[in-house]
Amino acid sequence: MVATMKELLKMQFVNKDQFEQVIKYYSLDDPLKLADLAAGMSSAPRQDLQDVLMCEDATERLRKVLLILKKDLESTRLQSQFRTQIEDKFAKENKKFILMQQLRYIKRELNLERDDKQSIIAAFKECIKGFGDKIPEEAAKVMDQELSKLGTLEPQSAEFNVCRTYLEWLTALPWGKFSEDNTDIEKAEKILNEDHYSLEDVKERILEHMAVSFLKGSVHGKIMCLVGPPGVGKTSIGKSIARALDRQFFRFSVGGLHDVSEIRGHRRTYVGAMPGKIIQALKIKQVSNPVILVDEVDKLGRDFRGDPSSALLEVLDPEQNSAFRDLYLDVPIDLSKVLFICTANVTDTIPGPLLDRMEVIRLAGYVYEEKLAIANQYLIPQTIATNGVPEDLLELQPEALAELIRDYAREAGVRELRKLLEKITRKVALSLVRVEQEARERSTISTENLRKFVGQPPHSSERLFQEAPSGVAMGLAWTALGGQTLFVEARGRVPASSESMADATLSLDATASADGTSDVPSSSSKSSPRPRNAGPRMKVTGKLGKVMGESSEIALTYARIFLRELEPKNEFLDHAHIHLNMPEGATPKDGPSAGVTMTSALLSMALDRPVKRDMAMTGEVTLTGKVLRVGGIKEKTLAARRENVDKLVLPMSNQADYLELKPYLRAGLTAHFVDHYDDVYRLAFEDTGAPMPSGSRGSDVVTVVTPLEEGQLPIFMTGASGESATTGAQVQ
Ligand SMILES: Nc1ncnc2c1ncn2[C@@H]1O[C@H](COP(=O)(O)OP(=O)(O)OP(=O)(O)O)[C@@H](O)[C@H]1O
């Protein structure tokens, strides 16, 4: 007996024999069998059934029938599967709902808890009541509105959570909560001295600021901005100010920050919206008058997400910040009692309107003696304590510390020095835990075993030129990393009449060779007549900014005038193709202060006479030879001492800046103050065999000699800072 179609399909019918049987059975035009078919396909689409009936070929007809039935069976199976799943889910939800209702009912009967939503609302109301009248009217009104809105929303809805989070932020703020300021200025001074060595002028400015705030009873006024190279203690002095004032301290960095909402918050319409950093600071610190340190304001970004500097201005400006509106909270918040302190490496990149409202306090960097004292009094005790090494089990000999400062951590600040001391202490800690407690011995770090702890010194190279050849002059520059020496190299030759500029520059030696050889013709050859058709040209390299580029042109024009008066027959600068280069080409440089150095390098090249050894100069030069005032005298003086330079030529108008420096900072230096290039020339080329001008158009040179103090080391460091090329700090 042949099984019916449905039965065969239910048996997963694919067997060849059975298939043959079915074909045979259904190939007859028997109306009864057709009726059987139709019954099996009752739920099949009409079109499909028609297709079957119209099909003439019996085998094909059968195949179609089978297909229809297979589909039918599949859909029946799926339907029943869904039904079971849905029923299961409903049963679970139902059960949960019933249990929840029972639980709620039981809790309410036992008076254990009120309705969830109601309890949330009640908690908010309680919290708001606690603030009393300390909440400003507008904020109180918004809280009321939000509370009523919360009452109308379903606790399971997304909007309920948005509304609840918003109220949580509003009620988490320290409305009217202030910590009491320390008004004892002597105690404040003691704390500042306890935390930091030296920095007298910085501490003095901070104390003045505090004094004004105490008298006025508010911190209104300019925002303090601590500017200086890395590791000079800007961040840590900010922390110390908070300690001196007895206030909470919060720090955040805006370096590389592009998104304005980091400061001003996101609008509430965004998913995951939050208030900005300032509101977060108030919430975390739970007082309305913390000290907030905004680090790296000189590295603020700006893009399509807005201009964070304008948002920062709104926050920091004492005129505007008593009603600061965070985009998320959208109620006025009084920030006028917050003490904002900013830090930066340079002021050039701080947006103008922001800089205008700041009181800049400069931290220039430390000399050797200061680093030694900082290490002994602060860094060594601190690192020993943080690494858990018993004090009597570690001894760092003074010579080893001197070597660390001199050869390993040649920097303006003390960050690298701190890292090295930490490295040593960690190594000592490891060696201590490797042996039994009783067998532990004191570790002594001397110059002999220092390398075992910190490896080879990274600063083995001396400064770029110990003795500069003709065409090279040493300047002093001021970078974000502190002061440094900056060499100017000038090379040039007069091309043959047929030579093009390209050929001429190709034949130029871009870097003067250290042995002093140069392709600059001797003075006698320079006075011979030259073909005039090639014309003089100058190429300047070393990643110079616009101002420095212009300064090089002024230097060339002035050097030509000067040379014509000095040696009328020497026409070298009038005809030569010149290449002026400032090494460390990866470091951007700008500013006019290298004017005198460039002029000296050009004259040294044209006269084939080297500039006096160990002399560094700085000053802007004008077309008439006047030497103008420059910035960063302290940083430049520290760099000169670091780099073995003992003679300085500085603008007369910077004399006061120099004399303001503590004598120990300029110990061993002879500084000459000039106001005309004639005197720079005399000082730089005296006794080198170069011709001397007949008189000077400047006023008398002032020379300040500062002898070494007793027990003070002479010059103690050599070599240029290796850092600047990699960090891209701008030289000025
Ligand atoms: N005068 C000082 N007396 C004692 N410790 C100091 C002094 N100057 C710096 N330090 C210490 O040096 C370390 C580095 O200082 P800090 O991090 O404050 O530098 P910074 O100027 O903020 O640097 P950056 O610009 O990289 O942020 C800190 O541990 C700090 O305590």
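This is a predicted model: local features need pLDDT of at least 70, side-chain atom pairs count only at pLDDT 80 or more; totals for chains, interfaces and linings use all residues.
The crossing of α16 and α18 is right-handed. On the side of α16, the residues involved are K371, A375, L379, I380, T383 and I384, and they meet L417, R418, L421, E422 and T425 of α18. Sorted by class, this contact holds six nonpolar, two polar and three charged residues.

Helix α16 spans residues 368–386 and α18 spans 415–433, and each of them, like α11 (234–245), supplies at least two residues of the shell around the ligand. Which helix gives the most to this shell? That helix is α11, with three residues. The shell also draws on two domains: domain 3 (185–362) and domain 4 (368–454) each contribute at least three residues.

The surroundings of the ligand may now be considered residue by residue. There are 20 residues around the ligand, and those that come nearest are P230, G233, K234, T235 and S236. By class, the shell consists of seven nonpolar, ten polar and three charged residues.

Helix α11 has a packing partner of its own. Helix α9, formed by residues 185–195, packs with α11 at an angle of about 150°, and the two axes lie 8 Å apart. Since an angle over 145 degrees counts as roughly antiparallel, α9 and α11 are described as roughly antiparallel to each other. Their crossing is right-handed. From α9, the contact is made by A188, I191, L192 and D195, while α11 provides S236, S240, R243, A244 and L245. The residues of this contact divide into five nonpolar, two polar and two charged.

Helix α24 comprises residues 595–607 and helix α27 comprises residues 677–685; their axes come within 11 Å and cross at roughly 55°. That angle makes α24 oblique to α27. The crossing of these two helices is right-handed. In α24, the residues V596, T599, S600 and L603 meet Y677, V680, Y681 and A684 of α27. What classes of residue make up the contact of α24 with α27? The contact has six nonpolar and two polar residues, and no charged ones.

Notes. Residues are numbered from 1 along each chain as its sequence is written. A residue is near a molecule or strand if its C-beta atom, placed from the backbone, lies within 6 Å of it. Helices (H or I, at least four residues) and strands (E, at least two) are DSSP runs, numbered from the N terminus. Ala, Val, Leu, Ile, Met, Phe, Trp, Tyr, Cys and Pro count as nonpolar, Asp, Glu, Lys and Arg as charged, and the others, Gly among them, as polar. Domain bounds come from an automatic or database domain assignment. Axes are lines fitted to C-alpha atoms, for helices over the stretch in contact, and angles run from 0 to 180 degrees between N-to-C directions. Angles under 35 degrees count as roughly parallel, over 145 as roughly antiparallel, 65 to 115 as roughly perpendicular and the rest as oblique. A crossing is left-handed if the near helix is turned anticlockwise from the far one by less than a right angle, and right-handed if clockwise. Two residues are in contact if their C-beta atoms, placed from the backbone, lie within 7 Å.
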